[in-house]
Structure formats: C-alpha cells, structure tokens
Amino acid sequence: MALISFQEVRIGFGGHPLLDEVSFQIERGERVGLLGRNGMGKSTLLKMLNGDVLPHDGTIARQQNVRTAYLPQEVPQDLEGRIEDIIASGLIDSDFADDEHHWKRDNQVQKTISLMELDGDARFETLSAGMKRRVILARGLVCNPDLLLLDEPTNHLDIQAIDWLEDFLKRWGGTLVFVTHDRVFLQKLTTRIIELDRGSVYDWACDYPTFLERKEAMLDAEQTSNALFDKKLAQEEQWIRKGIEARRTRNEGRVLALKKLRKQRSERRELLGKVKMQIQTEKRSGRLVIEAENVSYSYLAIAQAAVPGGEDGGSKAVIRNFTTTIQRGDKIGIVGANGSGKTTLLKLLMGQLQPQTGEVRHGTNLDIVYFDQLRTQLDESKSVLDNVGQGRDTVNINGRARNLMGYLEDFLFTRDRVRAPITALSGGERNRLLLARLFAMPANLLILDEPTNDLDIETLEILEDLLLDYEGTLLLVSHDRAFLNNIVTSTLILDGSGDVKEFIGGYEDWQKQLDVTPASKITPKPVSTTQTESKADGKPAVRKLSYNEKRELEELPKRIEKLEEEQKQLTLKMEAPSFYQQESAVITQAVERLEEIHKELSQAYERWGELEA
C-alpha cells in the first residue's frame, strides 16, 4: 500500500486551481523531485502531504500511523536555544515523549546529533545559515519519519554543505519528496519526477536527465495537437458564419460539436510565458577591467569585538595577498564556504571596501551593476512599478525606449501585480524584480551575488543563456554547480583561511583538477588483438560477416519498417485533441514509448550501417 495517495484532489485560492482533480501516490523508498514554475503550488502540495493544508475537494488517504517530517523553505527567525533541546522538540508527538521513556528519548536525540555531525551544546542562534538548516533537518529526522518533505533544502547553502546533504540523503534510505531548483541535486537524488503544470500533475518514473528529454517530446506533441485543434475550430467557425444558404442545410450535430469545441478551447490552460531578459550594454569598457595586487583584508576577531575593553583578540584574515587581472569579457565564478569572504572579495573588487594592504585599480569606461543577495536595493515601501521605474514611465534598453508595463511583463509581472507592494512578493518574484531593475541600467561589468536563489529552473536557464551571450565582464558568486559549469571561464576558490586560488573553467573543472592523476602513473590500455585484423601493408582487412550477422542484416529493414509504422501511429494518436484528456499515466506511457522508438530506430540504423560496411 502507498504511504500517501491523492484521489481527485482539488485546491485553489482564487483564479485557476493549483491542483485540479489530480491523482497520484507516494510509494515507500522513493526519492521524488517535485518540479514546476513559481506559483504552481509546489509548497502547497508539500503542506498537503504533511497534513497542514486540507484539499477543497477529493481525498488524501494515508497509511495508518505514517509519520512525516517537513523542512520549510525559510528557517524560523525566532528559533533559539541549545541544539540538543531543539532536536528533542521533534519528539513531542512521538511514542516515547513521556517521562516513562525518558532514556529512549535521550538515546534517540544523541544518535541523531551524532548522525548529523552536530554539537548538542552549541547555541542555534550562533550558527551559519547552512548549519541552522542542518539542525532543522535533524529535528525532523529524530522521530524516524516514514516520509521526509524538503522545500528548497539547498537555498543559501554553500557547495560544501550541499555535498554533505546529498551524501546524507543518499545514505538515509527513507522516502523523500523535495522541491529544488538545483539541477545537480536533482540529477544525483531523484528516482522519480512529479511535475505541477497548469493544475495538472505529470508523473515521470525516471531520473532528471531522462525527464528533460521526455518533457520536450511531450511539449512538442502538445503543441502539434493544439495547432490541429485550433485549425479545426477555425474551419468550423468559418462554416457557421456562412450565409443563409449554409444555414438552410445546417447540420445540428455539427453545431453541437462546434459548441463542444468552443468549450474545450475556453477551458484550455496555456503554457505560461517565459521570462524575456535583456542586459543593457551601451558602451564597452577598456580592455583592462580590474587589477588587484597583493590585496589583504582582515576583520577583528569576534572575542575582541564582543567584549568592550577586552583584550586584543587578534584579527581574522578574510583575503590575504590576493593578486589577479580581470579583462573585458572574462566570466569569473567565486566559490567558497559560507563566511569564507566571497561578498567581501566582491566589495573589494568593486571599490566599496578599501584593502588594508595592496591596491585595486579599475580600468576605463566601467558601468558596474551589482546584484545583492540580500536584495537590499529594493525599497519595501514602494510597488513593483516604482522600484523599477523610479518615477519614469519608460526604460531605455540598448538605445530603445520601452514602456515600463511591457518591460515588467517580460519578467512575468501581470498588470495587476505591478502595483502591488513588494512585501506581497515571493522570494522568486523578488529575485525577478531585482533583475528587472538592474538590467534596465547600462552595465559592462555585472556583479551577481547568489542570483539563482528562489528562481524556478526554467527562469534560471533563461538567465543562464543571457549571461552566456553577455559581451561584458561578469563576476558571479553562486552555489549552483550547473550554473557555474555552464557559464564561467575561470573560478576563484576561497578556502576560509584568506587564501584565494584561481582555476580555469567551472566548478566541475576545478574538481577534476583536484583529483587529477600524474601522467606518469597512467598505464596505457592495451589494444585488443581480437577486435581488429590488419594486412601486411597496415590497412585493416575486410572481415566477412558471420552467419548470425547475415541473418541480422536481412532482418533489420523489416524491423526498421515496423518501428517507423508504430512511430507514425503513435504520433497520430498524440495529435488528437482527446489524447490529453486521458489520465496522466496513459500520456506518460505514450511519451516514453515514443522516446524508446526513437532510440531503437537510431540504434537500428547505426547497426545497419556497421553491417553494410
């Protein structure tokens, strides 16, 4: 029996429903990635799985005594106290919360503290954001839940913390449902994808890379189906509008069919538009952008700063003897643990902080735009419109005046949303708003400090493409490994001791350089003498086909013909308007089979070529 089962579940809060009569179930032992655009209802679905939100219609069936633990997107701001006490609070509703089982409770808490590599006596309020999330996770796990629910667990974590979390969740072995925009995290953990899209749930029993292929095939088929449907509707509308002669012979059945087509078209929920981003680059900078020579910066030790009149606690080197040259067009990633000095390094390079030793020099014609991860550039007292327009009705993008409302629509802000105060915006909407504000300013040096937090994957990929095509210079702090791999040309690594090391390429390139094996230790792989034959003149001899290979060559054209016929029939089915009215499992099965046929055909043609040769 499934841990949790949704049957015809419906929920909405005005406008289109978030979930519209959806059915699916969560099985024991799965690791499910929950995907969807911002605002599609992912967090609401997690809360429904946890029992915090009830459906407006339909039923949610749970296995008897099933235990869930939920890690929300944001760490509670008012939480404080000893780590051990906070973790123990996760046992309040457990089987051994009473005094009679006191020893069992203590044993379970200590076991969890050890498992999560925490210090039970440390104070929660003194921890970094990453360690706080680890404590919240420990509080959920202490009760041995059957189902763990995580909402954006990698947000605000550094890469080291994300690696630890990935490794822990793989070893944990329980049932997991999580929302994340981290594509590497998805790729490493998911065994199944559940996607929320326009009120429906699409269930993909595969890993993330396979999901991307199948999703693209499904969207292509849906687009073709919608185009055929719209063409038929247009033809019927033209027929109904004919003159008196057509009305005399009008077929009432055809009229009823037209009314049905109209109803189907009015109920169709279109794909949401994509963010359209442009960066304004009116002039080029000089070839030299930034030059740093022997730059150092230190903070006073906490002990000294915290105790008035206390003894000199010394100082902590954040950046030490750092030298680099940044030239026009460089795209540089900055990586390091939380607290290692990434933001300090950015401010030194920008000129917002002056180095205590060494020198930072800027080149000519610099237009600097800075994305602050805390989003302090946004004015909480103003609306979306005023934060970007700042009293203007238009913005100038690359020499062309754009209407401000139209510009904000490119960033998916509707006309009723642009006048809302930004206090009503979600984290993802705030990120989009800050990007819209900054990209309306001329910039040939773009400095982005954690720009990917809270963005859905589709918007993140659009931003990625934009930065790839950007002709200016980019400094990027990010914990998103795929984002770094796809964009940057070199990476600065901060180790927390003040040292900064530079590596060519992105995060993965840096990892490979760390693990590289000296060439002298690599033994060349011997060439098999059974796979190739050579003539005396050194040219490969033509090998005769075996009996089985001859039979295979004879059968291949028939097999290819059969696969192509199946492909044709399946494509015709998927083009029918009624196809997408079926259960999601049937649609998924058809899409998966179409993908299998494509692969089988490719393999068959390749094999045919090998045997013919």
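1. A search of the whole structure finds 30 salt bridges. A salt bridge here is a side-chain nitrogen of Lys or Arg within 4 Å of a carboxyl oxygen of Asp or Glu. The model is predicted: local features need pLDDT of at least 70, side-chain atom pairs count only at pLDDT 80 or more, and totals for chains, interfaces and linings use all residues. Residues are numbered from 1 along each chain as its sequence is written, and side-chain values use heavy atoms, with hydrogens and water left out.

2. Start with helix H19, residues 584-612. Helices (H or I, at least four residues) and strands (E, at least two) are DSSP runs, numbered from the N terminus. H19 has 29 residues, and at 1.5 Å a residue it should span 42 Å. The expected span is 1.5 Å times one less than the number of residues. The end C-alpha atoms of H19 are 42 Å apart, which agrees.

3. Which residues of H19 are buried? They are Ile587, Thr588, Ala590, Val591, Glu592, Leu594, Glu595, Ile597, Leu601, Ala604 and Leu611. Buried means under 20% relative accessible area, exposed over 50%, and partly exposed in between (1.4 Å probe, protein chains only).

4. Arginine 607 forms a salt bridge with glutamate 552, and the closest N and O atoms are 3.0 Å apart. Arginine 607 lies in helix H19 and glutamate 552 in helix H18 (residues 547-575), so this pair ties together parts that are 55 residues apart in sequence. Arginine 607 is partly exposed at 25% relative accessibility. Glutamate 552 is partly exposed too, at 30%.

5. A salt bridge also joins arginine 593 and glutamate 566, with 2.8 Å between the closest N and O atoms. The pair links distant parts of the chain: arginine 593 sits in helix H19, glutamate 566 in helix H18, 27 residues apart. Arginine 593 has a relative accessible area of 23% and is partly exposed. Glutamate 566, at 32%, is partly exposed. Elsewhere, salt bridges that share partners join Asp163, Glu166, Asp182, Lys188 and Arg481 into one network.

6. Lysine 512 and glutamate 508 form a salt bridge, the closest N and O atoms being 3.7 Å apart. Being four residues apart in helix H17 (residues 507-515), the two are separated by about one helical turn. An α-helix has 3.6 residues a turn, so residues three or four places apart point the same way. Lysine 512 counts as exposed at 53%, while glutamate 508 is partly exposed at 43%.

7. Check two backbone angles. Glutamate 8, in strand S1 (residues 4-11), has phi near 50°, a positive value in a residue other than glycine. Its relative accessible area is 43%, so glutamate 8 is partly exposed. Asparagine 321 lies in strand S11 (residues 315-327). Its phi is also positive, about 50°, although asparagine 321 is not a glycine. Asparagine 321 is exposed, at 52%.

8. Glu8, Glu21, Asp57 and Glu583 gather in a patch of negative charge. Such patches take residues with over 30% relative accessible area and no salt bridge, with like charges joined within 9 Å.

9. Is arginine 133 buried or exposed? At 6% relative accessibility, arginine 133 counts as buried. Its place is in helix H4 (residues 129-141). Arginine 133 and proline 76 are 57 residues apart in sequence and 9.8 Å apart in space, C-alpha to C-alpha.

Definitions and conventions:
Patches are made of residues with over 30% relative accessible area and no salt bridge: like charges are joined within 9 Å, nonpolar side chains (Val, Leu, Ile, Met, Phe, Trp, Tyr) within 5 Å. Accessible areas come from the Shrake-Rupley method with a 1.4 Å probe; for residues, only the protein chains shown count as cover. Lys and Arg count as positive and Asp and Glu as negative; His and the chain ends are not counted. The place of a charge is taken as NZ of Lys, CZ of Arg, CG of Asp or CD of Glu.
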